[in-house]
Amino acid sequence: MSRPLYRGVSGIGGKPLAEAACYYDPKEPSENGIGGRGGARKRHLAAAAVRIGVLVLAAAALVGSVAWAGTLYAGRGAAARAAAAAAHRGYRRLQEQLVTDLLDIGELAGGGVRAKEAEVCPPEYENYVPCYYNVTDAVDVSDLGGGVVISYERQCTRDGRATCLVVPPRSYRIPVRWPSGKGFIWKDNVRISGQEFSSGSLFKRMMVEEDQISFPSDAHMADGVEDYAHQIAEMIGLRNEFNFNEAGVRTVLDIECGFGTFGAHLFERDLLTMCIANYEASGSQVQITLERGIPAMIGSFAKKQLPYPYLSFDMVHCAKCNIEWDKNDGIFLVEVNRLLRPGGYFVWTSNLNTHRALRDKENQKKWTAIRDFAEGLCWEMLSQQDETIVWKKTNKRDCYTSRKSGPELCGHDPESPYHQQLNPCISGTRSQRWIPIEHRTTWPSQARQNSTELDIHGVHSEVFADDTSSWDSMVRNYWSLLSPLIFSDHPKRPGDEDPQPPFNMLRNVLDMNAHFGGLNAALLKAGRSVWVMNVVPTNAPNYLPLIFDRGFIGVQHDWCEAFPSYPRTYDMVHADGLLSLEKSHKHRCSTLDIFLEVDRILRPEGWVIIRDTAPLIEAARSVVTQLRWDARILDLDIASDEKLLVCQKPFIRK
């Protein structure tokens with residue numbers, strides 16, 4: 001076992017974690033270039049001598065421990081044997097501690113040096129988002145003129161990725177802890193130009209002060225976001241927004257969400273809202289929404305399907321978003337239909353829907369086309385009030401056979417949408433997941449999934465139960481091992497006021513290999529006020545539909561590509577078995593490539609927890625030193641080959 005985890009906080013004193021993460025290469029020259037072949041030979045001989053000494057001591061300790069344990073086990077009775085076993089485990093840990101310390105001494109005696117650290121990116125990379133048109137990272141968009149067309153389509157090439165560390169702006173500050181951070185953020189933490197504050201979607205409003213941006217909910221609409229949510233509930237036929245869950249609404253896709261105000265409000269009603277918006281060089285809806293602690297990712301209605309399975313969202317919301325629903329034979333509405341569950345709702349608020357706007361013949365033409373497309377998709381218009389219309393997707397499959405017109409049914413329904421082109425046909429009608437939202441288990445019971453629901457995904461209830469139990473235990477271990485470093489019940493930075501409840505230092509977690517979403521479920525069961533972006537790697541079994549059916553959110557992703565998010569947007573990144581998964585698929589990207597991307601999306605002073613086999617963890621520790629992460633290896637179970645690599649990203653100031 002490695003040495004006990006250091007329980008300080010980076011930048012607040014104490015011995016940094018990274019001091020335990022260096023390694024020694026005897027073939028490496030001295031760091032300052034002084035000392036010729038003779039010095040290198042002496043260091044090599046010294047290192048060899050120390051290693052021989054370590055092996056001798058370790059062997060002696062092992063022989064001694066076996067003999068000592070044998071005398072203890074000679075005692076009679078179960079209690080005596082149990083005590084002896086416990087003592088032996090403690091002694092074994094002391095042995096491993098001794099060997100680890102001696103190896104560290106050997107590294108120092110041999111003149112070991114760190115791996116070469118990754119270089120820091122130039123300042124224009126502060127808000128770098130790979131795979132998108134990033135010209136405005138270096139050039140002000142106002143200098144480009146009106147003739148420049150920025151492509152929102154994601155285009156990834158592995159050769160074009162940055163191989164340097166994306167560091168924060170000079171005036172960056174650690175974000176305000178949740179839930180205070182929902183109401184205001186530090187202005188210098190996001191890239192804004194000032195022209196975004198009065199345009200855009202319905203909720204793209206904020207108050208800019210000297211060093212912060214605040215989001216008072218009553219400033220977003222004439223009647224406020226609470227009245228708006230109440231209006232939508234009434235249009236559906238509910239008493240108020242507190243009844244959304246009773247109607248089967250748990251997950252919401254918010255298209256061009258402004259700055260997440262609608263989603264922030266629904267969080268208090270046990271609804272989980274995913275914001276998507278185009279890549280924006282400044283004033284980014286996604287960047288600011290994530291800074292507030294609300295789920296968001298870059299995504300656009302362009303040429304490809306969004307990276308979510310069909311039949312995944314209970315509601316799709318579009319408030320003055322800039323989607324031209326009447327274009328391309330209504331294919332964007334077909335994509336909304338793909339994402340909606342049977343009986344789900346499409347809420348559309350637009351200036352086009354007012355009586356005044358419909359006096360214009362061009363607007364009338366657009367509205368007629370959208371209405372006809374909706375009817376062709378078997379949507380029922382429930383209500384229209386002011387600028388808002390609510391449609392309900394049919395929950396009856398036979399509606400599609402009785403239509404007079406509309407898109408055809410898909411002959412093939414791929415449930416994995418990753419890099420799939422937009423499909424003009426109606427998908428999901430053949431799926432076993434075609435279950436009306438009114439008939440689904442409501443939240444929070446749906447997170448547990450019964451045997452009938454699991455059979456749809458080919459998962460045995462016993463396997464699911466074991467996974468659930470394992471993650472419940474793992475989260476308890478995380479809290480036990482890593483408090484108060486990460487999971488403090490009373491986080492308080494020096495100089496801060498007492499935090500408001502809930503008292504946890506994390507707001508969002510990105511799970512790089514989510515499996516069934518077990519970490520997400522365990523965190524919620526433990527009462528932690530976090531949300532998890534569940535990522536299913538494209539080279540892993542696709543359980544993303546199960547994750548959505550449990551009432552969580554997630555995305556499919558290839559970790560050899562950049563994640564569709566802005567820099568510094570996650571408090572923690574978690575990876576269970578990802579290194580083993582990548583190792584089993586050869587000729588892909590390197591571990592350093594993946595960790596560089598993790599570093600980009602991780603906030604300064606953010607945490608990384610990697611769980612995998614001992615050899616892969618040891619190899620990973622040597623890689624993370626190149627990123628300047630503080631790192632320490634922990635044992636979770638003496639009988640397991642798995643280890644835990646716990647890292648903290650330092651706050652690199654320019």
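## Salt bridges, a mixed sheet and a covered helix

The side chains of E582 and R588 meet in a salt bridge, with N and O 2.8 Å apart. The model is predicted. E582 has a relative accessible area of 12%, under the 20% limit, so E582 is buried. R588, at 24%, lies above that limit and is therefore partly exposed.

**Salt bridges**

The structure holds 23 salt bridges. Side chains of opposite charge can pair when their charged atoms come close.

| Pair | Closest N and O atoms | Relative accessibility |
| K525 and D472 | 2.9 Å | K525 62%; D472 13% |
| R269 and E268 | 3.4 Å | R269 11%; E268 48% |

K525 forms a salt bridge with D472. This pair links distant parts of the chain. K525 belongs to helix α10 (residues 518–525), D472 to helix α9 (residues 461–482), and the two are 53 residues apart. K525 is exposed because its relative accessible area of 62% is over 50%. D472 counts as buried, at 13%.

R269 forms a salt bridge with E268. R269 counts as buried at 11%, while E268 counts as partly exposed at 48%.

Salt bridges also form a network. D314, R341, R433, R440 and D549 are linked in it.

**The sheet**

Seven strands make an open sheet with mixed pairing, in the order β6-β5-β4-β7-β8-β10-β9. Its edge strands are β6 (296–298) and β9 (379–385), each pairing on one side only. Neighbouring strands are turned by 20 degrees against each other on average, direction ignored.

Strands of a sheet pair through backbone hydrogen bonds, either parallel or antiparallel. Strand β5 (residues 272–277) and β6 run parallel, joined by 3 bridges. A277 stands opposite I298 in β6.

Helix α6 (residues 331–339) packs on the sheet. Helix α6 touches β4 (251–255), β7 (313–319), β8 (340–349), β9 and β10 (388–393). The direction of α6 makes about 135 degrees with that of β8.

**Helix α13**

Helix α13 (residues 591–601) is mostly covered, with 8 of its 11 residues buried. The buried residues are I594, F595, L596, E597, V598, D599, R600 and I601. What covers them? The cover includes strands β11 (508–511), β14 (570–576) and β15 (602–613). It also includes helices α12 (578–584) and α14 (614–624).

Definitions and conventions
Residues numbered from 1 in each chain as written. Predicted model: local features only at pLDDT ≥ 70, side-chain atom pairs only at ≥ 80, totals over all residues. Heavy atoms only, no water. Buried < 20%, exposed > 50% of the residue type's maximum accessible area, 1.4 Å probe, protein only. Helix = DSSP H or I, 4+ residues; strand = E, 2+ residues; numbered from the N terminus. Contact = heavy atoms within 4.5 Å. Pairing = 2+ DSSP bridges. Axes fitted to C-alpha atoms, helices over the stretch in contact; angles between N-to-C directions. Salt bridge = Lys/Arg side-chain N within 4 Å of Asp/Glu carboxyl O.
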